[in-house]
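This report describes selected features of the structure shown below.

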Amino acid sequence: MLTTLSPQEREAVSFYDRRIRAGDTVDKPLWADDFTYGMFRDHPDGPVVDIGCGIGRAIPALEAYGVRDYLGVDPSEASVTYCQATFPGLKFMISDVRLLGELYPMYFGGFLLLNVLMHTPEKDLDVVLSSLRKSLLPGASGLLNANKPAMAEYINDAAKSLTMSYYVPERLDEALKRHNFELDLFREEDVSFMMIVNAI
Ligand SMILES: C[S@@+](CC[C@H](N)C(=O)[O-])C[C@H]1O[C@@H](n2cnc3c(N)ncnc32)[C@H](O)[C@@H]1O
């Protein structure tokens with residue numbers, strides 16, 4: 001297990017490792033809709049990094065998102081092994097978002113950070129966003145989402161043992177601004193929200 005991860009993330013990574021090793025790789029599909037369709041069409045030329053790629057749920061939608069070059073990153077060994085076997089034409093690596101800034105300075109043309117911040121302790125948000133921003137080319141865009149505190153009531157039984165992080169949109173937006181991201185599009189739902197941001 002990567003030593004850079006917080007205890008909360010390690011707990012989550014172990015959970016996903018166990019689930020995948022038990023053969024539980026069924027999840028709801030992701031697709032591009034009017035909010036996300038073509039979001040990477042005009043992005044700078046570097047790859048789009050799918051941070052916390054999990055079992056690669058975003059991959060079927062990559063073309064509709066406008067992704068030309070892809071790298072999947074996840075600290076879960078089982079996720080990366082599963083993705084390498086399932087999507088042999090694509091690149092994947094075991095890593096932590098905290099390491100991307102040093103490993104890949106100004107390299108990525110865009111990013112996906114989907115259903116990952118729920119495992120990120122709020123006290124680590126600045127470290128995480130700073131590393132992410134360092135890894136991006138100016139003009140890169142990214143899609144991220146987070147759960148609002150009201151989500152706590154809806155966590156399913158399987159995930160109830162995990163410590164979850166909840167974010168208020170304004171707080172996350174402030175943190176993003178501190179790291180030179182600007183909000184492009186925002187979509188709020190009852191218990192979660194989604195943002196498309198640009199690296200400035
Ligand atoms: C809920 S899953 C989401 C998977 C995928 N993005 C999706 O939406 O289907 C969260 C993923 O984030 C990964 N993760 C947790 N902490 C991470 C970190 N610090 N850096 C990168 N990925 C992380 C976990 O291993 C897990 O695969």
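## Ligand shell

In this predicted model, the residues of the shell around the ligand comprise 11 nonpolar, 6 polar and 5 charged. Of the 22 residues around the ligand, those that come nearest are Gly-52, Gly-54, Arg-57, Val-97 and Asn-115. Two or more residues of the shell are given by each of the elements α1 and β2. The largest share, 4 residues, comes from α1.

Strand β1 spans residues 48-51, and its residues are all buried. Val-48 and Asp-50 point one way from the strand, whereas Val-49 and Ile-51 point the other way.

Strand β1 runs parallel to β2, to which 4 bridges join it. Within this pairing, Ile-51 has Val-73 of β2 as its bridge partner. Strand β1 also runs parallel to β4 (residues 108-113), and 3 bridges join these two strands. Here Val-48 stands opposite Gly-110 in β4.

## The buried side of helix α3

Which residues of helix α3 (residues 77-86) are buried? They are Ser-79, Val-80, Tyr-82 and Cys-83. These residues lie on the same side of α3, because they cover an arc of only 165 degrees around the axis. An α-helix has 3.6 residues a turn, so residues three or four places apart point the same way.

Notes
Residues are numbered from 1 along each chain as its sequence is written. This is a predicted model: local features need pLDDT of at least 70, side-chain atom pairs count only at pLDDT 80 or more; totals for chains, interfaces and linings use all residues. A residue is buried if 20 or more other C-beta atoms lie within 10 Å of its own, exposed if 12 or fewer, and partly exposed in between; C-beta atoms are placed from the backbone. The arc is that of the directions from the helix axis to the C-beta atoms. A residue is near a molecule or strand if its C-beta atom, placed from the backbone, lies within 6 Å of it. Ala, Val, Leu, Ile, Met, Phe, Trp, Tyr, Cys and Pro count as nonpolar, Asp, Glu, Lys and Arg as charged, and the others, Gly among them, as polar. Two strands pair if DSSP finds at least two bridges between them.
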